[in-house]
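I set out to record what I looked up in this structure. The entries follow in the order in which I made them.

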Amino acid sequence: MRTVFLLLLVMGVVAVIQAAAMPAAPTFGLFGGSHPRPLDHPSIQGLRERAEAEHVKRRADDRMIYGGLSPIRNIYHPKIQGLGQWAVAEHVKRANDGLKFGRVVGGEDQLVAGMNYFLLIQALNGNGLYKAQVYEPLEESPNNARQLVSFGPAN
């Protein structure tokens, strides 16, 4: 009987400590409360850190917004140029038009359940500028790999 009482007491103390350690849930509506902060979600945290470490260099006042488009600050970063080269190669596999990659000349990124990259690519042959959308998932695996969503002339 004593052990059961002690066990219940310890479980109660642990529950109180855990409840005290958790931040208060935000309230929403007409009468105030804080706004949600989607980038604080643990599943997004790793992607944000990876993106910032690889190429997304933002000023302190230029925050990455979940779902929002942001200009790519360093289009000459090897990762961004590599994405453009991959997009052209993937397009050539599908269209067999012999397009040759020149360089990425502009673009935007979008944080979703992965990263969407909207790239403006200069080709060495063809009609000059092309638009490509490339999606990179949070975790790459055989069933969840980089995808070329769209590719076409930038008219």
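Predicted model: local features only at pLDDT ≥ 70, side-chain atom pairs only at ≥ 80, totals over all residues.

Residues are numbered from 1 along each chain as its sequence is written, and side-chain values use heavy atoms, with hydrogens and water left out.

**Helix H3.** I looked up H3, which has 18 residues and spans 25 Å from first to last C-alpha, close to the 26 Å expected (1.5 Å times one less than the number of residues). Helices are DSSP runs of H or I with at least four residues, strands runs of E with at least two, numbered from the N terminus. Just after H3, I found Asn-96 with a positive phi of about 50°.

**Gln-81.** I located Gln-81 in H3. Is Gln-81 buried or exposed? Gln-81 counts as buried because its relative accessibility is 16%; buried means under 20% relative accessible area, exposed over 50%, partly exposed in between (1.4 Å probe, protein chains only). A polar atom of its side chain lies 2.6 Å from the backbone oxygen of Ile-75, and the side chain also reaches the backbone nitrogen of Val-104 at 3.0 Å.

**The sheet.** I traced an open, antiparallel sheet of five strands in the order E1-E2-E3-E4-E5. Strands E1 and E5 stand at the edges with a single partner strand each, so one side of each lacks a neighbour in the sheet. Nine bridges join E3 to E4; two strands pair if DSSP finds at least two bridges between them. I found Asn-116 opposite Tyr-135 in E4.

Technical notes:
Polar contact = N/O pair within 3.5 Å; in protein donor to acceptor, adjacent residues only side chain to side chain.
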